[in-house]
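Please consult the sequence and the model while reading the points below.

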Amino acid sequence: MEGLFNACQSTLISTSMVLFPCRHVERLGAVFARLGTATWITNALLAIPLPPWGTMSLVLVLIFLLGWPFEWPAIVLIFMPMLAR
């Protein structure tokens, strides 16, 4: 019974460590949206005198560079909503 309790406790800790950031990324995205960060990034990307394929290439390079310090869930949950606007 003690082994089952320890396994459940370890599972609860691991699951909460994964789900806690996922839950609060929504709030972080709302703060970024409220501050106008997504609009600022969109306007900055559109102000660069590049053709559409150049802008897309710039976004892909940015995501590629973000892949070095960040794992893919952080990129998808934090950065992609800002770039999708």
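**Overview of the chain**

The secondary structure of the chain comprises four helices and zero strands, where helices (H or I, at least four residues) and strands (E, at least two) are DSSP runs numbered from the N terminus. The model is predicted: local features need pLDDT of at least 70, side-chain atom pairs count only at pLDDT 80 or more, and totals for chains, interfaces and linings use all residues. Residues are numbered from 1 along each chain as its sequence is written, and side-chain values use heavy atoms, with hydrogens and water left out.

**Composition and surface**

- From the N terminus on, the order of elements is α-α-α-α.
- Of the 85 residues of the chain, 14% count as buried; buried means under 20% relative accessible area, exposed over 50%, and partly exposed in between (1.4 Å probe, protein chains only).
- The chain exposes about 6900 Å², of which carbon and sulfur atoms supply 75%. Accessible areas come from the Shrake-Rupley method with a 1.4 Å probe, and for residues only the protein chains shown count as cover.

**Helix α3**

- Helix α3 covers residues 52-66, 15 residues in total, and reaches 21 Å from its first C-alpha to its last. This is close to the 21 Å expected at 1.5 Å a residue, the expected span being 1.5 Å times one less than the number of residues.
- The buried residues of α3 are Gly-54, Thr-55, Val-59 and Leu-66. Seen down the axis of α3, its buried residues fall within an arc of 140°, so they line one face of the helix; the arc is that of the directions from the helix axis to the C-beta atoms.
- On the other side of α3, Trp-53, Met-56, Leu-60 and Phe-64 are exposed.

**Individual residues of α3**

- Thr-55 counts as buried because its relative accessibility is 18%. Leaving aside residues up to four places away in sequence, Thr-55 touches Leu-45 and Leu-50 (contact means heavy atoms within 4.5 Å).
- Ile-63 also lies in helix α3 and, at 22% relative accessibility, counts as partly exposed. Ile-63 and Phe-79 are 16 residues apart in sequence and 8.3 Å apart in space, C-alpha to C-alpha.
- Val-61, placed in helix α3, counts as partly exposed at 46% relative accessibility.

**Nonpolar patch**

- Val-61, Phe-64, Leu-65 and Trp-68 make a nonpolar surface patch of about 460 Å².
- Patches are made of residues with over 30% relative accessible area and no salt bridge, with like charges joined within 9 Å and nonpolar side chains (Val, Leu, Ile, Met, Phe, Trp, Tyr) within 5 Å. A salt bridge is a side-chain nitrogen of Lys or Arg within 4 Å of a carboxyl oxygen of Asp or Glu.
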